[in-house]
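This report is meant for someone looking at the structure for the first time. Please keep the sequence and the 3D view at hand while reading.

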Amino acid sequence: MSAVVTKAEMQQFIKLCQKLETFVLHVIRATPSEQQMDIIRAIDAGDKRIAVKSGHGTGKSTLLSWISLWVGVSKYDAKIPITAPSAPQLLSTLMPEIKKWRNVLPSVLQESIDIKMDTAHFKNGNDLIMRTARKESPEALQGYHATNLFFLVDEGSGVPDNIFEVVEGALTGEHNVIIMVGNPTRTSGYFYNAFNKNKELWKTFTLNAEKSSNVSKDVVELRRKQYGIDSDVYRVRVLGEFPRASSDALFSVEVLEEATKREVYADDGDEIWGLDVAWYGDDKSCLAKRKGYFLRPLETREKQSTLETSSWVISEYHKAHIKPVAIFVDNNGVGAGVYDQLIQAGLPIFDGNSSRASSEFGLANKRIEMYQRLSKKLDNMKIPDDDDLIGELSSVRYIISEKGLLMLEPKVETKKRLGRSPDRGDAVALTFYEDIFISDVQENVQSKRMEKADEMRNSSSDVGMAW
Ligand SMILES: Nc1ncnc2c1ncn2[C@@H]1O[C@H](COP(=O)(O)OP(=O)(O)OP(=O)(O)O)[C@@H](O)[C@H]1O
Ligand SMILES: [Mg+2]
């Protein structure tokens, strides 16, 4: 369509914009998956409370971006408040998705949408506003009124309940709609209730990634290997089902998912590394690097001699801007050679033998001790969204020994369930081998800092609104 539009073209265009389905197919010219199409049809049929639980990558954020553009372009007196648990989810995932689809619209429409960092203004007067869902500031979602109010919620499972209370308060008008999508990570709260005790209030959908044309069969197969087909992570990330929560799991999927999404400052606490050593077999050597509560992406090497592994760690040490105060190396078995070589090279190496007895009451050995410490700290940590790591940590089980002490199940059992050794999990746990080097940062301090960061982003935003 050219920038000059004839009357006939305009009439045709207005017709196409009446329904979301025709807008997506003929104005955006996208090809929705069958699963996306089911939801599109529900919106066109007039469903006003829609909840979607889903595996990863099925196209739910994309769907939200299509809905945003459609409402913004075609509805009279519309506002589209969008929320999600973290700023990156909104600004680095959803807004770029909205931009991507705005850029394929006919040019006359593209020119009518002015996208800023966290808002979009439509020439017809409609507004889209992104606000992070923070427990401490529910008022950020307050005060929206319009004839057509479309509240869109991404990653709904992680949105605090008090935010939904505010949203519910605003949804009083006849044409008000709420659409929430997300991975079903948490078995409590507003999102969970929409599929359980409040399900008669919602039109619900479950998007199984195994059946999605947006997710390749190869990816599904890889996830099976990474998570284990019977695992809770597979349920949440692929099948789009809530976790069953095994009672003997040390890490729940909910806590792991939250840790991948948490925002923390990486400038607090000591730099500590953990090294789990493998040799020529199928296992991997893994080096975990953590600064306080911030765990960096993990690095692995496979089929290396002990000398190669040592050289790798020495080079990582010399490259590092922030030198670790301690590197814990599991020196049991094949790790012993690497441990000696690294000490000789002058690195701050510490004994990380996980089979040693624990000095803590009720724990069988250092292995459970370090894993338990990690599990306690995880509530404040940011960990990378690493499918292998999540698969490994969620499959770790604990048992009670004959002496009545808590211990992890034998590694062979974990290997049987997972199909591999939990090398990444072990390296991360090794960074918690001793408690002495951990400088704690209070959670409320973190939270205040995030609010401050919001304020700073807000003051640099062209529209001057907080999110
Ligand atoms: N129907 C479609 N046609 C073309 N591309 C699509 C379609 N649906 C989704 N995509 C693309 O697939 C990718 C994944 O989609 P999206 O981010 O929406 O999935 P998601 O379900 O939100 O994922 P996550 O679970 O990670 O949040 C994006 O790059 C998106 O642009
Ligand atoms: Mg998404």
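The model is a predicted one. It contains an open sheet of eight strands, arranged in the order 3-4-5-2-6-7-1-8, and the pairing in this sheet is mixed. From one strand to the next the twist averages 15°. Strand 3 (113-115) and strand 8 (203-207) each have a single partner strand, so they stand at the edges and one side of each is left without a neighbour in the sheet.

The end of the sheet that begins with strand 3 can be followed strand by strand. Strand 3 and strand 4 (residues 119-122) run antiparallel and are joined by three bridges. Together strand 3 and strand 4 form a hairpin, with three residues between them. Within this pair, Ile-113 is placed opposite Phe-122, and Ile-115 is placed opposite Ala-120.

Strand 4 also pairs with strand 5, again in the antiparallel sense and over three bridges. Strand 4 and strand 5 form a hairpin with four residues between them, and Gly-125 in the turn has a positive phi of about 105°.

A helix covers part of this region. Helix 5 (residues 87-102) lies across strand 2 (78-84), strand 3, strand 4 and strand 5 (127-132). Relative to strand 5, helix 5 runs at about 155°.

**The ligand site**

Which residues are the closest to ligand 1? Ligand 1 is surrounded by 18 residues, and the closest are His-56, Lys-60, Thr-62, Glu-97 and Lys-100. Glu-97 and Lys-100 fall within the residue range of helix 5, 87-102.

| Residue | Atom of ligand 1 | Distance |
|---|---|---|
| Lys-60 | oxygen | 2.6 Å |
| Lys-100 | oxygen | 2.5 Å |
| Asn-214 | nitrogen | 3.3 Å |

**Two helix contacts**

Two packed helices are described by the angle between their axes and the distance between the axes. Both contacts treated here involve helix 15 (residues 387-394).

Helix 9 (residues 217-227) is one partner of helix 15: the two axes come within 8 Å and cross at roughly 40°. Helix 9 and helix 15 are therefore oblique to each other. On the side of helix 9 the contact is made by Arg-223, Gln-226 and Tyr-227, and on the side of helix 15 by Asp-387, Asp-388 and Gly-391. These residues comprise one nonpolar, two polar and three charged.

Helix 17 (residues 423-430) is another partner of helix 15, packing at an angle of about 80° with the axes 7 Å apart. That angle makes helix 15 roughly perpendicular to helix 17. In this contact Asp-388, Leu-389, Glu-392 and Leu-393 of helix 15 meet Asp-423, Arg-424, Gly-425 and Val-428 of helix 17. The residues here divide into three nonpolar, one polar and four charged. Asp-388 of helix 15 takes part in the contact with helix 9 and also in the contact with helix 17.

Definitions and conventions:
Residues are numbered from 1 along each chain as its sequence is written. Chains are lettered from A and ligands numbered from 1 in the order in which they are written. This is a predicted model: local features need pLDDT of at least 70, side-chain atom pairs count only at pLDDT 80 or more; totals for chains, interfaces and linings use all residues. Side-chain values use heavy atoms; hydrogens and water are left out. Axes are lines fitted to C-alpha atoms, for helices over the stretch in contact, and angles run from 0 to 180 degrees between N-to-C directions. Helices (H or I, at least four residues) and strands (E, at least two) are DSSP runs, numbered from the N terminus. Angles under 35 degrees count as roughly parallel, over 145 as roughly antiparallel, 65 to 115 as roughly perpendicular and the rest as oblique. Contact means heavy atoms within 4.5 Å. Ala, Val, Leu, Ile, Met, Phe, Trp, Tyr, Cys and Pro count as nonpolar, Asp, Glu, Lys and Arg as charged, and the others, Gly among them, as polar. Two strands pair if DSSP finds at least two bridges between them. A residue is near a molecule or strand if one of its heavy atoms lies within 4 Å of it. A polar contact is a pair of N or O atoms within 3.5 Å; within protein, one must be able to donate a hydrogen and the other to accept it, and residues adjacent in sequence count only if both atoms are side-chain atoms.
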